[in-house]
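Colleague: I have a model open and want to learn how to read it. Can we go through it feature by feature?

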Amino acid sequence: MSAHCQVTGRAPGFGKTVSHSHRRTSRRWDPNIQRKTYFAPSLGRRVTLTVSAKGIKVIDRDGIDAVLARLRSRGERI
């Protein structure tokens, strides 16, 4: 599963870890990605989305039908 949120578009951040001796090594900050299944009344079926914790809050705030309409307008397959 890729670390990419379907709702908010959050993706991993990249950077360096700097040690006490100032050596630098690459690292990545992954968003908190979850696979969640929602029932969409407009579609009459369940929909599984890959969402971040922030994306779950957006779905709670706006409703699953509004979020799915946004995803469809972006051309994302549901």
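Predicted model: local features only at pLDDT ≥ 70, side-chain atom pairs only at ≥ 80, totals over all residues.

Colleague: What share of the residues count as buried?

Modeller: Start with the cut-offs. Buried means under 20% relative accessible area, exposed over 50%, and partly exposed in between (1.4 Å probe, protein chains only). Of the 78 residues in the protein chain, 28% count as buried.

Colleague: Which pattern does the protein chain follow along the sequence?

Modeller: Helices (H or I, at least four residues) and strands (E, at least two) are DSSP runs, numbered from the N terminus. Here there are two helices and four strands. The pattern reads β-β-β-β-α-α. As for overall form, the radius of gyration is 16 Å, well over the 12 Å that the globule rule gives for 78 residues, so the protein chain is more spread out than a compact globule. That radius is taken over C-alpha atoms, and the rule is 2.2 Å times the number of residues to the power 0.38. Along the principal axes, the C-alpha atoms fill a box of roughly 60 × 20 × 20 Å.

Colleague: In which sense do E1 and E2 pair, parallel or antiparallel?

Modeller: Two strands pair if DSSP finds at least two bridges between them. Strand E1 (residues 13-18) and strand E2 (residues 24-29) pair in the antiparallel sense, over six bridges.

Colleague: How many bridges join E3 and E4?

Modeller: Eight, and the sense is antiparallel. Gln34 has Val51 in E4 as its bridge partner. E3 and E4 form a hairpin with four residues between them, and Gly44 in the turn has a positive phi of about 75 degrees.

Colleague: Which residues touch the most other members of the largest nonpolar core?

Modeller: A nonpolar core is a set of buried Ala, Val, Leu, Ile, Met, Phe, Trp, Tyr and Cys residues joined through side-chain atoms within 4.5 Å. The largest one has 16 residues, and Val7, Leu49, Val51, Ile59 and Leu68 touch the most other members. Strand E3 (33-40), strand E4 (45-52), helix H1 (53-62) and helix H2 (64-74) each give two or more residues to this core. H2 gives the most, with four residues.

Colleague: What is Leu68 in contact with, leaving aside its neighbours within four places in sequence?

Modeller: Contact means heavy atoms within 4.5 Å. On that basis Leu68 touches Ala40, Leu43, Val47, Leu49 and Ile78. For the protein chain, take contacts between residues at least 6 apart in sequence: 38% of them join residues at least 24 apart.

Colleague: How many salt bridges does the structure hold?

Modeller: Side chains of opposite charge can pair when their charged atoms come close. A salt bridge is a side-chain nitrogen of Lys or Arg within 4 Å of a carboxyl oxygen of Asp or Glu. The structure holds four. Asp30 and Arg28 meet in one, at 2.8 Å, N to O. Asp30 is partly exposed at 48%, and Arg28 is partly exposed at 42%. Arg74 and Glu76 meet at 3.6 Å, N to O. Glu76 is partly exposed, at 27%.

Colleague: Which residues do shared partners join into one network?

Modeller: Asp62 and Arg70 meet in a salt bridge at 2.7 Å, N to O. Asp62 is partly exposed at 29%, and Arg70 is partly exposed at 41%. Salt bridges that share partners join Arg61, Asp62 and Arg70 into one network.

Note on methods. Residues numbered from 1 in each chain as written. Heavy atoms only, no water.
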